[in-house]
Amino acid sequence: FVLSPPPPKNLFLPMLCGVTAQMLEEGSTLLRRMEICVAEAEKRNGKNTVNMQETFTVYLVETRPMDAVAEGRNQAPDSLWRRYSEFELLRNYLLVTYPYIVVPPLPEKRAEFVWHKLSADNMDPDFVERRRVGLENFLLRVASHPVLSNDKILHHFLIEEHGWKEVVYETGFQAKADSRLRALSATFRVRNPDKRFMEMKHYSDELQSHTSQLLRARARVADRLYGVYKVHGNYGRVFSEWSAMEKEMGDGLQSAGHHMDAYAASIDDILEEEEHYADQLKEYLFYAEALRAVCRKHELTQFEFEMASQELVSKKQQHEELSTGIVRTFSFKGMTNKLFGQEAPEQREARLKLLEDLIAEGEEDVQEKTVECGEHVERAWVDMHRFKEQKDKDLREALINYAVMQISMCKKGIQMWSNAKECFLKM
Amino acid sequence: VGHLFCFREAGLTNGTPVETSSPASTSSLLNRLQLDDDLEADIRDPYAEAAETRDLFVTVDDPKKHVSTMETYITYRVSTKTSRVEFDLPEYCVRRRYQDFDWLRIKLEDSQPTHLIPPLPEKFVMKGVVDRFSEDFVETRMKALDKFLKRVADHPVLSFNPHLNTFLTTKDLNKRQGLALLSKVGESVKHVAGGYKLRARPAEFGAMGEYLDTFNQKLGTIDRIAQRILKEQSEYLTELREYGTVYSSWAGSEDELRRPLEGVGGCVTTCCGALEDLGDGMSQDILPVLREYVLYIESMKSVLRKRDQSQAEYEGRLEAAVLRKQEDRTPMPLEVEKCQDKVECFNADLKADWERWQSNKRHDFKQLLTGMADKNINHYEKCQAAWESLITLLQDKQTEDKTSETN
């Protein structure tokens, strides 16, 4: 018997789940029909679950039908307010409902990889702004995904402000969530997982490790660079003081001092821009985890298939032993039979009947699990491929943009020092 | 005779031309005025104009290590080109060590007490801390010695000093005699009787003193800032290196992204190299010059002190003489006149040197700061070039990929 379902050979053959390659290419997704953005953030006060006053931030989600935009109708967008926790709920729902999809991540819950000047406070306006951008990015990613974009709960999230939470809970998705313990157990005990998924899981570990290393190193570099620039501001002050006691040199020194001040101040904008790069890296840091989740789900479905198959084998074996009388493996029943003599034929018939029922159930179970595992493998493989292409494109662009940022920083530096040099020459 | 006294005090030997000495006689006063005119021209642009009229060129280069049983030391080649009649030959080439420069400086200080002698780089270095024979140290010291000699050679009075002549021309400098004696002695004992208190320092010299004190402070601050920047840059460099390696190691687990990641890692490494060069440039070219000016300030301050002493002595003697005159009607003693001459000499020389010093200072700092700006510009240019070539590389790859896809 076969322990694992056959892997799909060619990615572009029509799939079980109905998502064809063509659909992937065209992406007849929600985003094509609707313009979405997270326009603003506001502070609110309210009572939380334990009935205590708290301050929280809400984000304005605006939507507009694409044809209105295309026709140039200046239609006001529909809008509603959502909290971060509601975004989290949406994502959790998607994770459980589409375990074969690498679900786009949310912006971080708390500020991490912070270099000293950045605030780690969730209420800090810069943090809120970056979170707003991240939430918008999340919605755009989900709405442009060939599978996720069709989800009703997602549509509801975007259109109906009130009662959405209840609708989500009513789907009963929480009950479908895999228990952590079960998932962990599967990881350790699965015998024959798909090699490609294991490789992908290993890759997700690498991606996570490298992006987090990079984020940490970048934060340290930013810290140091900040120090270098700021110390130059001291030149500004001393040149100014010195210029007061000079005759011919005075003007040149004074102006040069101003340029040194400007140089020291320029680092603030430079590093703020770089935060955008850090955010792009963070998105993929979290994406790595989403990728791993898909691989783990495979381990789980494969494991459950293996368990079901094993269970079936064991039942069939029991049936065979009971009907033929030949004991192949140790069983308590066999022992007691030996010790106390065999049971009555009616009892035996009853047990045989029971086993036959269980075997029938077992076969159905195995069939179900085979389908579940196989479907997951096929759909996940499609999405992992889609994810890889997206990741390669996005990160490549991010790296190019980073290079552009560095060039801009160099140009600014050259400008400032050239200005200072001109002043020195006038001394 | 009285008028020649200052002349002889200055230690010039017989036969040396008079025009550039500074005695307080009428003719010499006229000479002085003439000298002032020349100096004014110098103030406008000392190096450009002096170059045209310059007839004495000196260079210090070519350091070599000498190992003997007793000691190891470095000598430098001192080359001279001149059209001056005081020199027998038009060109000279001798080898000198630091000790020899030190001897020259002491001799100049003793023989020209009313003039500001340029400073030498620090004599002593802590053996354990600094490697006296490292390329960087020797290079820095040599540049400072070169500057010292050039400043002396450009000085209208000092450049005619016979000790300079000896230094530039004699093969073997017979200086051992008296070296041990001279050290710091010449500075105070010879000319100042000591114990005289200054009554009224002329405002301009007071202002000079104040300027020097404040300037010293500012230089100290600038030196500290420059050092702090070096430290911060060094720490930045450490983190930047680590940062670059992360890109390279990530590249190892990617396929499509390998090239861009390696590219970024490479650029970061290039920037590290450029940063290292910047730091080296700062510590070799900028910091030593700052420190040297601190020494220059000290020299100037000591000359101011000597002038004060000289004036104090004169005032003291004058007062004593006036009292005695009132008592027994003796004429003004010669020594009082001598002192008056000395003070006037000193004041005039000092003012001229001060103007020269100010002008040099402006030029030197202009050069120093411009140099610093250039180093920073150069650093950024290197980095920018690296990142730009990466973008070209990546964008070429992109178009390359697109064309191969459509094909």
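In chain A, 76% of the contacts (heavy atoms within 4.5 Å) with a separation of 6 or more are between residues 24 or more positions apart. The model is predicted: local features need pLDDT of at least 70, side-chain atom pairs count only at pLDDT 80 or more, and totals for chains, interfaces and linings use all residues. Residues are numbered from 1 along each chain as its sequence is written, and side-chain values use heavy atoms, without hydrogens and water.

The secondary structure of chain A consists of 13 helices and three strands, taken as DSSP runs (helices H or I, at least four residues; strands E, at least two) numbered from the N terminus. Of its 427 residues, 47% are buried (under 20% relative accessible area, 1.4 Å probe, protein chains only).

The three strands form an open antiparallel sheet in the order β1-β2-β3 (chain A), where pairing requires at least two DSSP bridges between two strands. β1 (34-47) and β3 (78-83) of chain A are the edge strands, and the twist averages 25° from one strand to the next. Strand β2 (residues 53-65) of chain A pairs with β3(A) over six bridges; Arg82(A) in β3(A) is the bridge partner of Tyr59(A).

Helix α9 (residues 180-189) of chain A packs against helix α11 (residues 250-324) of chain A at about 75°, with the axes 8 Å apart; axes are lines fitted to C-alpha atoms over the stretch in contact, and angles run from 0 to 180 degrees between N-to-C directions. α9(A) is therefore roughly perpendicular to α11(A) (65 to 115 degrees).

Terms used:
Chains lettered and ligands numbered in written order. Buried < 20%, exposed > 50% of the residue type's maximum accessible area, 1.4 Å probe, protein only. Parallel < 35°, antiparallel > 145°, perpendicular 65-115°, else oblique.
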